[in-house]
Amino acid sequence: MNCVLELKNIGFTYGKGTPFEKRAVDDVSLRIKQGEFIGVIGHTGSGKSTLMQMLNGLMRPTDGQVLLDGRDIWTEPKKIRGVRFRVGLVFQYPEYQLFEETVYKDIAFGPQNKGLDEAAVDKAVRAAADFTGLKPALLNKSPFDLSGGEKRRAAIAGVIAMNPEVLVLDEPTAGLDPMGREVLLSQIVRYHKERHNTVLLVTHSMEDVARVADRILVMNKGRLAMLAPVREVFRRGDELEKLGLRVPQITRIMQELRRRGFDVPEGVLTVDEAFDALLPLLKKEGKLW
């Protein structure tokens, strides 16, 4: 796979040169391949959101470079708008950004500004609505008449409709009930599998990132603490705890079973994996009911 995004020693300082100067991101270098699903984790204030906003030029690094397909996105500042079509960013609580008369017009705003003709815009709107689980009947409604979960999906559809090469989602399931979180996450996974675009998902849910990510990017105090495959990161549970993070709950349970002498594998990350590992033991012990 080709490298789609590369960060070279990027940093960002808020209030530079003032008494309120704060280093939010410090000397981060990494490479992200085309088609990867990257989970982004870190405690509050670790620099996750600042880092994500530099990926599409919403914020300009105070030092270092952000390369998109090998080209510095700030080489021509007047063309930074084009970068934002290619790297789509969904903020936390994106429903607060809805503003048009209808859901359809809101989703269409990006593709129209991208210069697509009417037929292409319509196709993009309907495909994005389908990806995010919005029923066609909702497209002609005011976005402010939707439920909280529907608003969230409409806002995400507005970014997906531009078909960005890289989709960055900053805690998209925050504030949703368990069912809403599950539905939205499954739709993001479906989008990734069908479009094969690169996805970066910022989340506080270790369970979610364990299920969907290829690699995990861990931020701590503005610096890159880890960037590795999911199982490798969660094997370093002690290190994560020192950073104020944790392994998935089911992983912790399986680790405890190992400590108590049960023959269960290391690195179990999901409930399905735990079920598959425990079923033979239950059958062997005759405790399957």
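Reader: Is F12 buried or exposed, and how do I read that?

Author: Go by relative accessible area: under 20% means buried, over 50% exposed, and partly exposed lies in between. In this predicted model, F12 has a relative accessible area of 10%, so F12 is buried.

Reader: And where does Y14 fall, buried, partly exposed or exposed?

Author: Y14 comes out at 36% relative accessibility, so Y14 counts as partly exposed.

Reader: How many aromatic pairs are there?

Author: Rings pair if their centres lie within 6.5 Å, and planes over 60 degrees apart count as edge-to-face. The count here is 4 aromatic pairs. One of them joins F12 and Y14: the centres are 4.8 Å apart with 75° between the planes, which makes that pair edge-to-face.

Reader: What about F99 and F109, which geometry do they form?

Author: Edge-to-face again as the label goes: F99 and F109 sit 5.2 Å centre to centre, with 90° between the planes. This pair links distant parts of the chain, 10 residues apart. F99 is in the loop between β6 (87–90) and α3 (103–113), while F109 belongs to helix α3 itself.

Reader: Why do F99 and F109 count as partly exposed?

Author: Same cut-offs as before. F99 has 45% relative accessibility, so it counts as partly exposed. F109 has a relative accessible area of 39%, so F109 is partly exposed too.

Reader: Let's move to G237. Which helix is it in, and is it buried or exposed?

Author: G237 is found in helix α9, which covers residues 237–242. Its relative accessibility is 12%, so G237 counts as buried.

Reader: How many residues separate G237 and V199 along the chain, and what is the distance between their C-alpha atoms?

Author: They are 38 residues apart along the chain, and the C-alpha atoms are separated by 24 Å.

Key: Residues numbered from 1 in each chain as written. Predicted model: local features only at pLDDT ≥ 70, side-chain atom pairs only at ≥ 80, totals over all residues. Heavy atoms only, no water. Helix = DSSP H or I, 4+ residues; strand = E, 2+ residues; numbered from the N terminus. Buried < 20%, exposed > 50% of the residue type's maximum accessible area, 1.4 Å probe, protein only. Phe/Tyr/Trp six-rings, centres within 6.5 Å; stacked < 30°, edge-to-face > 60°.
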